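Thank you all for coming; I would like to walk through one structure this morning, going from helix packing to sheets and then to a few backbone details. Please have the sequence and the model open while I talk.

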Amino acid sequence: MTATVESARTYEVRTYGCQMNVHDSERLSGLLENAGYVPAAQGETADVVVFNTCAVRENADNKLYGNLGHLRPSKVGNPGMQIAVGGCLAQKDQGEIVRRAPWVDVVFGTHNIGSLPVLLERARVQREAQVEIKESLETFPSTLPTKRESAYAAWVSVSVGCNNTCTFCIVPALRGKERDRRPGDVLNEVRTLVGQGVLEITLLGQNVNTYGVEFGDRLAFGKLLRACGDVEGLERVRFTSPHPAAFTDDVIAAMAETPNVMHQLHMPLQSGSDRVLKAMRRSYRAERYLGIIERVRAAMPDAAISTDIIVGFPGETEEDFQGTLDVVRESRFANAFTFQYSIRPGTPAATMDDQIPKEVVQERYERLVALQTEISWAENRRQVGRTLDVLVAEGEGRKDEATHRMSGRAPDNRLVHFAPGAETPRPGDVVSAEVTYAAPHHLVADGPALRLRRTRAGDAWEARQGAPAGAGPGVMLGMPSIGRPAPLPETSGCSVS
(Lines give C-alpha, C1' and ligand atoms only; values in the text may rest on other atoms or scores of the structure.)
Protein backbone atom coordinates (compact mmCIF):
# COMPACT_ATOMS: atom_id res chain seq x y z
CA MET A 1 0.00 0.00 0.00
CA THR A 2 1.33 3.43 -0.93
CA ALA A 3 0.03 6.67 0.54
CA THR A 4 -1.27 9.25 -1.90
CA VAL A 5 -0.11 12.78 -1.17
CA GLU A 6 -0.01 16.10 -2.92
CA SER A 7 3.11 16.25 -5.08
CA ALA A 8 3.98 19.65 -3.65
CA ARG A 9 4.46 18.35 -0.11
CA THR A 10 8.09 18.52 0.98
CA TYR A 11 10.11 16.39 3.37
CA GLU A 12 13.32 16.44 5.39
CA VAL A 13 15.02 13.48 7.10
CA ARG A 14 17.28 14.31 10.05
CA THR A 15 19.73 11.54 10.90
CA TYR A 16 21.56 10.81 14.14
CA GLY A 17 24.14 8.11 14.88
CA CYS A 18 25.82 5.42 12.85
CA GLN A 19 26.15 4.21 9.28
CA MET A 20 23.15 1.94 9.86
CA ASN A 21 21.04 5.03 10.47
CA VAL A 22 22.55 6.90 7.52
CA HIS A 23 21.63 4.01 5.22
CA ASP A 24 18.16 3.70 6.80
CA SER A 25 17.65 7.40 6.10
CA GLU A 26 18.41 6.76 2.43
CA ARG A 27 15.56 4.25 2.51
CA LEU A 28 13.23 6.68 4.28
CA SER A 29 13.96 9.29 1.61
CA GLY A 30 13.33 6.71 -1.10
CA LEU A 31 10.01 5.71 0.47
CA LEU A 32 8.85 9.32 0.72
CA GLU A 33 9.84 10.21 -2.83
CA ASN A 34 8.19 7.04 -4.08
CA ALA A 35 5.03 8.25 -2.31
CA GLY A 36 5.17 11.65 -4.05
CA TYR A 37 7.02 13.86 -1.58
CA VAL A 38 9.88 16.10 -2.73
CA PRO A 39 12.95 17.23 -0.77
CA ALA A 40 12.58 20.58 1.00
CA ALA A 41 14.78 23.39 -0.23
CA GLN A 42 17.69 24.36 1.99
CA GLY A 43 16.54 26.70 4.76
CA GLU A 44 12.87 25.82 4.22
CA THR A 45 10.77 24.15 6.92
CA ALA A 46 9.48 20.96 5.37
CA ASP A 47 5.86 19.79 5.40
CA VAL A 48 7.10 16.48 6.81
CA VAL A 49 10.13 16.27 9.13
CA VAL A 50 11.40 12.79 10.00
CA PHE A 51 13.84 12.19 12.87
CA ASN A 52 15.85 8.98 12.45
CA THR A 53 17.17 8.57 15.98
CA CYS A 54 19.99 6.77 17.77
CA ALA A 55 19.85 5.33 21.29
CA VAL A 56 23.58 4.67 21.54
CA ARG A 57 24.89 8.22 21.74
CA GLU A 58 24.99 10.13 25.02
CA ASN A 59 21.94 12.31 25.76
CA ALA A 60 20.19 11.05 22.61
CA ASP A 61 16.77 11.56 24.19
CA ASN A 62 17.55 15.12 25.34
CA LYS A 63 18.73 16.00 21.84
CA LEU A 64 15.58 14.58 20.28
CA TYR A 65 13.14 16.31 22.62
CA GLY A 66 15.06 19.56 22.31
CA ASN A 67 14.75 19.41 18.52
CA LEU A 68 11.09 18.48 18.74
CA GLY A 69 10.55 21.49 20.99
CA HIS A 70 12.18 23.78 18.42
CA LEU A 71 9.74 22.53 15.78
CA ARG A 72 6.63 23.02 17.90
CA PRO A 73 6.07 26.69 16.90
CA SER A 74 6.31 25.69 13.22
CA LYS A 75 3.73 22.97 13.81
CA VAL A 76 1.40 25.40 15.60
CA GLY A 77 1.74 27.87 12.74
CA ASN A 78 1.17 25.19 10.11
CA PRO A 79 -1.28 22.54 11.35
CA GLY A 80 -0.77 20.57 8.13
CA MET A 81 2.87 19.97 8.99
CA GLN A 82 3.72 16.45 10.16
CA ILE A 83 6.55 15.23 12.42
CA ALA A 84 7.66 11.60 12.52
CA VAL A 85 10.16 9.89 14.83
CA GLY A 86 11.81 6.58 13.96
CA GLY A 87 15.00 4.66 14.67
CA CYS A 88 16.46 3.11 17.80
CA LEU A 89 15.17 5.70 20.29
CA ALA A 90 11.66 5.32 18.89
CA GLN A 91 11.93 1.54 19.24
CA LYS A 92 12.99 2.03 22.87
CA ASP A 93 10.66 4.82 24.01
CA GLN A 94 7.61 4.00 21.84
CA GLY A 95 4.51 5.76 23.17
CA GLU A 96 6.59 7.85 25.60
CA ILE A 97 7.54 10.10 22.66
CA VAL A 98 3.94 11.15 22.00
CA ARG A 99 3.33 11.59 25.72
CA ARG A 100 6.29 13.99 26.04
CA ALA A 101 5.77 15.66 22.65
CA PRO A 102 2.06 15.36 21.77
CA TRP A 103 2.59 17.36 18.56
CA VAL A 104 4.40 14.38 17.02
CA ASP A 105 2.25 12.68 14.37
CA VAL A 106 4.02 9.34 13.78
CA VAL A 107 6.32 7.05 15.78
CA PHE A 108 7.73 3.97 14.03
CA GLY A 109 10.43 1.49 14.97
CA THR A 110 13.55 -0.08 13.49
CA HIS A 111 11.65 -3.10 12.17
CA ASN A 112 8.97 -1.31 10.13
CA ILE A 113 10.50 1.71 8.43
CA GLY A 114 8.57 0.74 5.30
CA SER A 115 5.34 1.76 7.08
CA LEU A 116 6.22 5.46 7.22
CA PRO A 117 4.22 6.75 4.20
CA VAL A 118 1.10 4.83 5.26
CA LEU A 119 1.38 6.03 8.87
CA LEU A 120 1.74 9.65 7.73
CA GLU A 121 -1.39 9.34 5.60
CA ARG A 122 -3.30 7.60 8.40
CA ALA A 123 -2.31 10.33 10.88
CA ARG A 124 -3.43 13.02 8.40
CA VAL A 125 -6.82 11.39 7.75
CA GLN A 126 -7.57 10.34 11.34
CA ARG A 127 -6.11 13.53 12.85
CA GLU A 128 -4.38 11.64 15.63
CA ALA A 129 -0.90 10.33 16.33
CA GLN A 130 0.04 6.91 14.96
CA VAL A 131 2.45 4.78 17.00
CA GLU A 132 3.47 1.51 15.34
CA ILE A 133 6.38 -0.49 16.75
CA LYS A 134 7.06 -4.01 15.50
CA GLU A 135 9.01 -6.39 17.69
CA SER A 136 10.57 -8.28 14.79
CA LEU A 137 11.67 -7.40 11.29
CA GLU A 138 8.72 -6.88 8.95
CA THR A 139 10.68 -6.97 5.69
CA PHE A 140 14.42 -6.85 4.98
CA PRO A 141 15.12 -3.11 4.57
CA SER A 142 17.08 -3.56 1.35
CA THR A 143 13.86 -4.48 -0.47
CA LEU A 144 12.60 -0.93 0.12
CA PRO A 145 13.00 2.06 -2.22
CA THR A 146 16.29 3.80 -1.55
CA LYS A 147 17.43 7.29 -2.47
CA ARG A 148 21.22 7.10 -2.55
CA GLU A 149 22.84 10.24 -1.22
CA SER A 150 25.99 9.68 -3.28
CA ALA A 151 26.38 8.99 -6.99
CA TYR A 152 29.81 7.43 -6.54
CA ALA A 153 29.76 5.52 -3.20
CA ALA A 154 27.06 3.43 -1.59
CA TRP A 155 26.23 1.39 1.50
CA VAL A 156 25.06 -2.20 0.93
CA SER A 157 23.62 -4.04 3.93
CA VAL A 158 24.59 -7.68 4.23
CA SER A 159 22.81 -8.20 7.56
CA VAL A 160 20.77 -6.46 10.22
CA GLY A 161 20.62 -7.08 13.95
CA CYS A 162 23.16 -8.52 16.39
CA ASN A 163 23.54 -11.76 18.34
CA ASN A 164 25.98 -10.38 20.92
CA THR A 165 25.16 -9.28 24.47
CA CYS A 166 27.68 -6.53 25.20
CA THR A 167 26.76 -5.04 28.57
CA PHE A 168 27.12 -1.41 27.40
CA CYS A 169 24.96 -1.79 24.29
CA ILE A 170 21.22 -1.64 23.76
CA VAL A 171 21.30 -2.18 19.99
CA PRO A 172 20.49 -5.95 20.00
CA ALA A 173 17.34 -5.23 22.00
CA LEU A 174 16.29 -2.56 19.49
CA ARG A 175 17.34 -4.12 16.17
CA GLY A 176 16.85 -7.78 17.05
CA LYS A 177 18.80 -10.93 16.26
CA GLU A 178 21.07 -11.05 13.23
CA ARG A 179 19.33 -11.59 9.90
CA ASP A 180 21.47 -12.27 6.84
CA ARG A 181 20.72 -11.59 3.19
CA ARG A 182 21.48 -14.26 0.63
CA PRO A 183 24.79 -13.65 -1.19
CA GLY A 184 23.03 -13.46 -4.56
CA ASP A 185 20.79 -10.65 -3.31
CA VAL A 186 23.78 -8.69 -2.01
CA LEU A 187 25.70 -9.11 -5.27
CA ASN A 188 22.66 -8.18 -7.37
CA GLU A 189 22.42 -4.90 -5.48
CA VAL A 190 26.16 -4.30 -5.90
CA ARG A 191 25.97 -4.92 -9.67
CA THR A 192 22.98 -2.63 -10.03
CA LEU A 193 24.75 0.16 -8.15
CA VAL A 194 27.90 -0.24 -10.25
CA GLY A 195 25.77 -0.05 -13.37
CA GLN A 196 24.40 3.27 -12.09
CA GLY A 197 27.95 4.65 -11.82
CA VAL A 198 28.97 3.72 -8.27
CA LEU A 199 32.71 3.02 -7.90
CA GLU A 200 32.86 2.27 -4.16
CA ILE A 201 30.63 0.18 -1.94
CA THR A 202 30.78 -0.42 1.80
CA LEU A 203 29.35 -3.72 3.03
CA LEU A 204 27.41 -2.95 6.19
CA GLY A 205 26.46 -5.08 9.16
CA GLN A 206 26.28 -4.71 12.92
CA ASN A 207 28.90 -7.48 13.07
CA VAL A 208 29.63 -7.70 9.38
CA ASN A 209 32.06 -10.61 9.58
CA THR A 210 29.53 -12.93 11.27
CA TYR A 211 27.64 -12.78 7.98
CA GLY A 212 26.48 -16.28 7.06
CA VAL A 213 25.51 -17.38 10.57
CA GLU A 214 21.84 -17.57 9.58
CA PHE A 215 22.45 -19.91 6.66
CA GLY A 216 25.27 -21.86 8.30
CA ASP A 217 28.38 -20.77 6.41
CA ARG A 218 31.05 -19.35 8.72
CA LEU A 219 33.27 -18.50 5.72
CA ALA A 220 30.53 -16.62 3.88
CA PHE A 221 31.94 -13.15 4.44
CA GLY A 222 35.35 -13.91 2.95
CA LYS A 223 33.61 -15.53 -0.03
CA LEU A 224 31.45 -12.42 -0.44
CA LEU A 225 34.52 -10.16 -0.51
CA ARG A 226 36.07 -12.33 -3.21
CA ALA A 227 32.83 -12.30 -5.20
CA CYS A 228 32.84 -8.50 -5.12
CA GLY A 229 36.23 -8.74 -6.82
CA ASP A 230 34.50 -10.25 -9.86
CA VAL A 231 32.10 -7.30 -10.30
CA GLU A 232 33.37 -5.42 -13.34
CA GLY A 233 33.62 -1.67 -12.76
CA LEU A 234 33.65 -1.91 -8.95
CA GLU A 235 36.89 -0.22 -7.90
CA ARG A 236 36.72 -0.02 -4.11
CA VAL A 237 35.17 -2.37 -1.54
CA ARG A 238 35.11 -1.62 2.18
CA PHE A 239 33.23 -3.11 5.14
CA THR A 240 32.22 -2.10 8.64
CA SER A 241 32.25 -3.15 11.41
CA PRO A 242 33.81 -6.57 12.07
CA HIS A 243 33.88 -8.15 15.51
CA PRO A 244 37.34 -9.29 16.70
CA ALA A 245 35.95 -12.51 18.16
CA ALA A 246 34.70 -13.62 14.75
CA PHE A 247 37.63 -12.36 12.68
CA THR A 248 39.06 -15.25 10.67
CA ASP A 249 42.18 -15.60 8.56
CA ASP A 250 40.16 -16.30 5.39
CA VAL A 251 38.89 -12.69 5.58
CA ILE A 252 42.47 -11.41 5.82
CA ALA A 253 43.37 -13.52 2.79
CA ALA A 254 40.36 -12.23 0.86
CA MET A 255 41.34 -8.63 1.66
CA ALA A 256 44.94 -9.19 0.58
CA GLU A 257 44.17 -11.19 -2.57
CA THR A 258 41.15 -9.33 -3.98
CA PRO A 259 42.42 -6.23 -5.83
CA ASN A 260 39.36 -4.03 -5.28
CA VAL A 261 39.08 -4.74 -1.53
CA MET A 262 40.80 -1.83 0.16
CA HIS A 263 43.62 -2.31 2.65
CA GLN A 264 41.62 -0.56 5.32
CA LEU A 265 40.12 -2.08 8.45
CA HIS A 266 37.88 -0.55 11.10
CA MET A 267 37.81 -3.03 14.03
CA PRO A 268 36.45 -1.92 17.42
CA LEU A 269 38.74 -2.54 20.42
CA GLN A 270 36.59 -0.92 23.15
CA SER A 271 39.20 -1.67 25.87
CA GLY A 272 42.73 -2.99 26.12
CA SER A 273 42.07 -4.53 29.55
CA ASP A 274 41.07 -8.20 29.62
CA ARG A 275 39.22 -7.64 32.88
CA VAL A 276 37.15 -4.84 31.39
CA LEU A 277 36.55 -6.76 28.16
CA LYS A 278 35.15 -9.60 30.26
CA ALA A 279 32.87 -7.17 32.13
CA MET A 280 31.75 -5.79 28.76
CA ARG A 281 31.02 -9.38 27.59
CA ARG A 282 33.41 -8.91 24.70
CA SER A 283 34.37 -12.46 23.73
CA TYR A 284 38.03 -11.78 22.90
CA ARG A 285 41.04 -10.51 24.81
CA ALA A 286 43.77 -8.00 24.03
CA GLU A 287 46.20 -10.70 22.86
CA ARG A 288 43.74 -11.95 20.25
CA TYR A 289 43.03 -8.42 19.05
CA LEU A 290 46.72 -7.65 18.64
CA GLY A 291 47.21 -10.97 16.88
CA ILE A 292 44.63 -10.03 14.25
CA ILE A 293 46.37 -6.72 13.66
CA GLU A 294 49.73 -8.47 13.35
CA ARG A 295 48.35 -10.89 10.73
CA VAL A 296 46.60 -8.09 8.82
CA ARG A 297 49.84 -6.10 8.63
CA ALA A 298 51.85 -9.16 7.63
CA ALA A 299 49.50 -9.70 4.70
CA MET A 300 49.03 -5.98 3.92
CA PRO A 301 51.87 -3.81 5.26
CA ASP A 302 50.15 -0.66 3.98
CA ALA A 303 46.87 -1.36 5.80
CA ALA A 304 45.28 1.57 7.65
CA ILE A 305 43.55 0.32 10.80
CA SER A 306 41.06 2.29 12.89
CA THR A 307 39.04 1.44 15.96
CA ASP A 308 36.46 2.38 18.61
CA ILE A 309 37.43 2.76 22.29
CA ILE A 310 35.29 3.37 25.38
CA VAL A 311 36.93 5.14 28.32
CA GLY A 312 35.64 4.89 31.87
CA PHE A 313 33.58 1.70 31.76
CA PRO A 314 32.28 0.82 35.24
CA GLY A 315 35.05 -0.58 37.41
CA GLU A 316 37.86 0.50 35.08
CA THR A 317 41.01 1.10 37.14
CA GLU A 318 44.06 3.13 36.22
CA GLU A 319 45.80 -0.19 35.52
CA ASP A 320 42.98 -1.17 33.15
CA PHE A 321 43.24 2.15 31.38
CA GLN A 322 47.00 1.73 31.02
CA GLY A 323 46.24 -1.57 29.29
CA THR A 324 44.19 0.35 26.74
CA LEU A 325 47.02 2.84 26.20
CA ASP A 326 49.44 -0.07 25.72
CA VAL A 327 47.26 -1.64 23.01
CA VAL A 328 46.87 1.74 21.29
CA ARG A 329 50.65 2.23 21.26
CA GLU A 330 51.24 -1.24 19.84
CA SER A 331 48.41 -1.08 17.29
CA ARG A 332 49.45 2.24 15.70
CA PHE A 333 45.89 3.07 14.66
CA ALA A 334 45.48 5.48 11.76
CA ASN A 335 42.63 6.97 13.78
CA ALA A 336 40.29 6.06 16.62
CA PHE A 337 36.75 6.99 17.55
CA THR A 338 36.98 7.53 21.30
CA PHE A 339 33.99 7.69 23.62
CA GLN A 340 33.49 8.49 27.28
CA TYR A 341 31.31 5.84 28.87
CA SER A 342 27.90 7.10 29.90
CA ILE A 343 24.97 5.21 31.35
CA ARG A 344 22.47 3.85 28.82
CA PRO A 345 19.25 2.91 30.63
CA GLY A 346 18.23 -0.64 29.83
CA THR A 347 21.78 -2.00 29.55
CA PRO A 348 23.42 -4.26 32.18
CA ALA A 349 26.28 -1.80 32.59
CA ALA A 350 23.86 0.91 33.70
CA THR A 351 23.32 -0.84 37.05
CA MET A 352 26.89 -2.00 37.64
CA ASP A 353 28.75 -0.92 40.75
CA ASP A 354 31.83 1.30 40.56
CA GLN A 355 30.58 3.86 38.05
CA ILE A 356 33.61 6.05 37.36
CA PRO A 357 33.40 9.73 38.38
CA LYS A 358 33.00 12.07 35.43
CA GLU A 359 36.21 13.99 36.18
CA VAL A 360 38.25 10.75 36.16
CA VAL A 361 36.71 9.66 32.84
CA GLN A 362 37.41 13.08 31.35
CA GLU A 363 41.06 13.04 32.42
CA ARG A 364 41.63 9.56 31.01
CA TYR A 365 39.83 10.47 27.82
CA GLU A 366 42.09 13.47 27.30
CA ARG A 367 45.18 11.31 27.77
CA LEU A 368 43.89 8.77 25.26
CA VAL A 369 43.03 11.43 22.69
CA ALA A 370 46.46 13.04 23.09
CA LEU A 371 48.21 9.70 22.55
CA GLN A 372 46.10 8.74 19.55
CA THR A 373 46.52 12.20 17.99
CA GLU A 374 50.30 11.81 18.28
CA ILE A 375 50.14 8.37 16.65
CA SER A 376 47.73 9.47 13.89
CA TRP A 377 49.97 12.40 13.05
CA ALA A 378 53.08 10.20 12.92
CA GLU A 379 51.30 7.65 10.71
CA ASN A 380 50.06 10.41 8.39
CA ARG A 381 53.55 11.93 8.11
CA ARG A 382 54.66 8.61 6.62
CA GLN A 383 52.36 9.39 3.67
CA VAL A 384 54.21 12.61 2.72
CA GLY A 385 55.81 12.21 -0.71
CA ARG A 386 53.53 9.35 -1.71
CA THR A 387 51.29 9.65 -4.76
CA LEU A 388 47.73 8.61 -3.90
CA ASP A 389 44.68 7.94 -6.07
CA VAL A 390 42.02 10.15 -4.50
CA LEU A 391 38.34 9.46 -5.13
CA VAL A 392 36.94 13.00 -5.25
CA ALA A 393 34.17 13.51 -2.72
CA GLU A 394 31.37 15.98 -2.17
CA GLY A 395 31.13 17.81 1.16
CA GLU A 396 34.20 16.26 2.82
CA GLY A 397 36.30 19.43 3.08
CA ARG A 398 34.65 22.05 5.26
CA LYS A 399 37.25 24.69 4.39
CA ASP A 400 37.62 23.87 0.69
CA GLU A 401 35.95 27.07 -0.47
CA ALA A 402 38.35 29.21 1.56
CA THR A 403 41.46 27.23 0.63
CA HIS A 404 40.49 26.65 -3.04
CA ARG A 405 41.13 22.95 -2.53
CA MET A 406 38.96 19.91 -3.19
CA SER A 407 38.75 16.78 -1.03
CA GLY A 408 38.45 13.06 -1.35
CA ARG A 409 39.47 9.69 0.04
CA ALA A 410 42.63 7.70 -0.58
CA PRO A 411 42.32 3.91 -1.04
CA ASP A 412 43.02 3.44 2.70
CA ASN A 413 40.20 5.93 3.46
CA ARG A 414 42.47 8.77 4.62
CA LEU A 415 40.99 12.20 3.92
CA VAL A 416 43.03 14.15 1.36
CA HIS A 417 42.67 17.85 0.52
CA PHE A 418 44.24 18.63 -2.86
CA ALA A 419 44.75 21.45 -5.34
CA PRO A 420 42.50 20.67 -8.33
CA GLY A 421 44.83 21.83 -11.14
CA ALA A 422 43.84 23.19 -14.55
CA GLU A 423 40.88 20.85 -15.10
CA THR A 424 38.39 20.69 -12.25
CA PRO A 425 37.44 17.13 -11.30
CA ARG A 426 33.89 16.15 -10.41
CA PRO A 427 32.84 14.16 -7.34
CA GLY A 428 33.36 10.55 -8.37
CA ASP A 429 36.39 11.26 -10.54
CA VAL A 430 39.82 10.01 -9.46
CA VAL A 431 42.83 12.30 -9.05
CA SER A 432 46.43 11.16 -8.56
CA ALA A 433 48.13 13.62 -6.21
CA GLU A 434 51.38 13.76 -4.26
CA VAL A 435 51.04 14.32 -0.52
CA THR A 436 52.91 17.46 0.57
CA TYR A 437 51.76 17.87 4.19
CA ALA A 438 50.25 15.76 6.96
CA ALA A 439 48.01 16.76 9.84
CA PRO A 440 46.67 14.35 12.49
CA HIS A 441 43.33 13.85 10.75
CA HIS A 442 43.98 14.65 7.07
CA LEU A 443 46.57 14.90 4.32
CA VAL A 444 47.24 17.80 1.95
CA ALA A 445 48.44 17.59 -1.65
CA ASP A 446 49.13 21.17 -2.69
CA GLY A 447 51.18 20.44 -5.79
CA PRO A 448 49.46 20.19 -9.17
CA ALA A 449 47.38 17.04 -9.68
CA LEU A 450 49.49 14.53 -11.58
CA ARG A 451 46.59 12.88 -13.35
CA LEU A 452 42.82 13.23 -13.58
CA ARG A 453 40.70 10.23 -14.54
CA ARG A 454 37.14 11.10 -15.45
CA THR A 455 34.87 8.23 -14.45
CA ARG A 456 31.36 6.87 -14.87
CA ALA A 457 30.78 7.92 -11.27
CA GLY A 458 31.66 11.52 -12.18
CA ASP A 459 29.26 11.26 -15.13
CA ALA A 460 26.54 10.00 -12.77
CA TRP A 461 27.18 12.88 -10.37
CA GLU A 462 27.03 15.38 -13.22
CA ALA A 463 23.77 13.89 -14.49
CA ARG A 464 22.23 14.35 -11.05
CA GLN A 465 23.03 18.04 -11.07
CA GLY A 466 20.79 18.53 -14.10
CA ALA A 467 17.93 16.41 -12.80
CA PRO A 468 14.70 18.27 -11.92
CA ALA A 469 13.85 18.66 -8.23
CA GLY A 470 11.96 15.64 -6.93
CA ALA A 471 12.97 13.46 -9.87
CA GLY A 472 14.62 11.19 -7.33
CA PRO A 473 17.87 10.22 -9.02
CA GLY A 474 19.30 7.26 -7.26
CA VAL A 475 15.92 5.98 -5.99
CA MET A 476 15.97 2.22 -6.45
CA LEU A 477 12.63 0.48 -6.08
CA GLY A 478 12.78 -2.87 -4.36
CA MET A 479 15.34 -5.63 -4.72
CA PRO A 480 17.58 -5.28 -7.77
CA SER A 481 17.77 -8.24 -10.11
CA ILE A 482 20.27 -9.49 -12.65
CA GLY A 483 19.74 -7.90 -16.04
CA ARG A 484 18.00 -4.88 -14.59
CA PRO A 485 19.26 -1.51 -15.92
CA ALA A 486 22.37 -1.08 -13.91
CA PRO A 487 23.63 2.74 -11.71
CA LEU A 488 33.95 8.96 9.42
CA PRO A 489 34.04 9.64 8.95
CA GLU A 490 32.55 11.01 11.72
CA THR A 491 30.47 7.89 12.36
CA SER A 492 31.84 4.51 13.19
CA GLY A 493 29.11 1.90 13.03
CA CYS A 494 27.38 2.56 16.37
CA SER A 495 30.58 1.94 18.29
CA VAL A 496 29.09 -1.37 19.36
CA SER A 497 30.70 -4.07 17.22
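This is a predicted model: local features need pLDDT of at least 70, side-chain atom pairs count only at pLDDT 80 or more; totals for chains, interfaces and linings use all residues.

**Helix packing, sheets and backbone**

Let me begin with a crossing: helix 7 and helix 8 cross in a right-handed manner, where right-handed means that the near helix is turned clockwise from the far one by less than a right angle, and left-handed that it is turned anticlockwise. The contact itself is made by Pro183, Val186 and Leu187 of helix 7 together with Leu224, Ala227 and Cys228 of helix 8, contact being heavy atoms within 4.5 Å. By class, the residues of this contact are 6 nonpolar, no polar and no charged; here Ala, Val, Leu, Ile, Met, Phe, Trp, Tyr, Cys and Pro count as nonpolar, Asp, Glu, Lys and Arg as charged, and the others, Gly among them, as polar.

Residues are numbered from 1 along each chain as its sequence is written, and side-chain values use heavy atoms, with hydrogens and water left out. The helices (H or I, at least four residues) and strands (E, at least two) are DSSP runs, numbered from the N terminus.

Two packed helices are described by the angle between their axes and the distance between the axes. For helix 7 (residues 183–195) and helix 8 (residues 220–228), the angle is about 30° and the axes are 11 Å apart; the axes are lines fitted to C-alpha atoms, for helices over the stretch in contact, and angles run from 0 to 180 degrees between N-to-C directions. Helix 7 is therefore roughly parallel to helix 8, given that angles under 35 degrees count as roughly parallel, over 145 as roughly antiparallel, 65 to 115 as roughly perpendicular and the rest as oblique.

Helix 8 also meets helix 9, and there the axes come within 8 Å and cross at roughly 10°, so these two helices are roughly parallel as well. On the helix 8 side the residues are Phe221, Gly222, Leu225 and Arg226, and they meet Asp250, Val251, Ala253, Ala254, Met255 and Glu257 in helix 9. This contact has 6 nonpolar, 1 polar and 3 charged residues.

A further pair is helix 12 (residues 318–331) with helix 13, whose axes come within 10 Å and cross at roughly 10°. In this contact, Glu318, Phe321, Gln322, Leu325, Val328 and Arg329 of helix 12 meet Arg364, Arg367, Leu368, Leu371, Gln372 and Ile375 of helix 13, and the residues divide into 6 nonpolar, 2 polar and 4 charged.

Turning to the sheets, 3 strands form an open sheet in the order 8-11-12, with parallel pairing, where two strands pair if DSSP finds at least two bridges between them. Strand 8 (153–157) and strand 12 are the edge strands, each pairing on one side only. Strand 8 is joined to strand 11 (residues 200–204) by 5 bridges, and Ser157 stands opposite Leu204 in strand 11. Another 5 bridges join strand 11 to strand 12, with Leu203 opposite Phe239 in strand 12.

Is strand 12 covered on one face or on both? Both faces are covered, with Arg236, Arg238 and Thr240 on one side and Val237 and Phe239 on the other, all of them buried, which is to say under 20% relative accessible area, whereas exposed is over 50% and partly exposed lies in between (1.4 Å probe, protein chains only).

There is also an open sheet of 7 strands, in the order 20-21-18-17-16-19-22, and its pairing is mixed. Strand 20 (437–438) and strand 22 (451–453) stand at its edges, each with a single partner strand, so one side of each has no neighbour in the sheet.

Finally, some backbone details. Most residues other than glycine have a negative phi, and most peptide bonds are trans. Thr240 and Ser241, however, are joined by a cis peptide bond with omega of about -10°, and Ser241 lies in the loop between strand 12 (236–240) and helix 9 (249–257). Arg127, although not a glycine, has a positive phi of about 55°; this residue sits in the loop between helix 5 (116–126) and strand 6 (130–132) and is exposed, with a relative accessible area of 76%. Asp354, likewise not a glycine, has a positive phi of about 60°, and is exposed at 57% relative accessibility.
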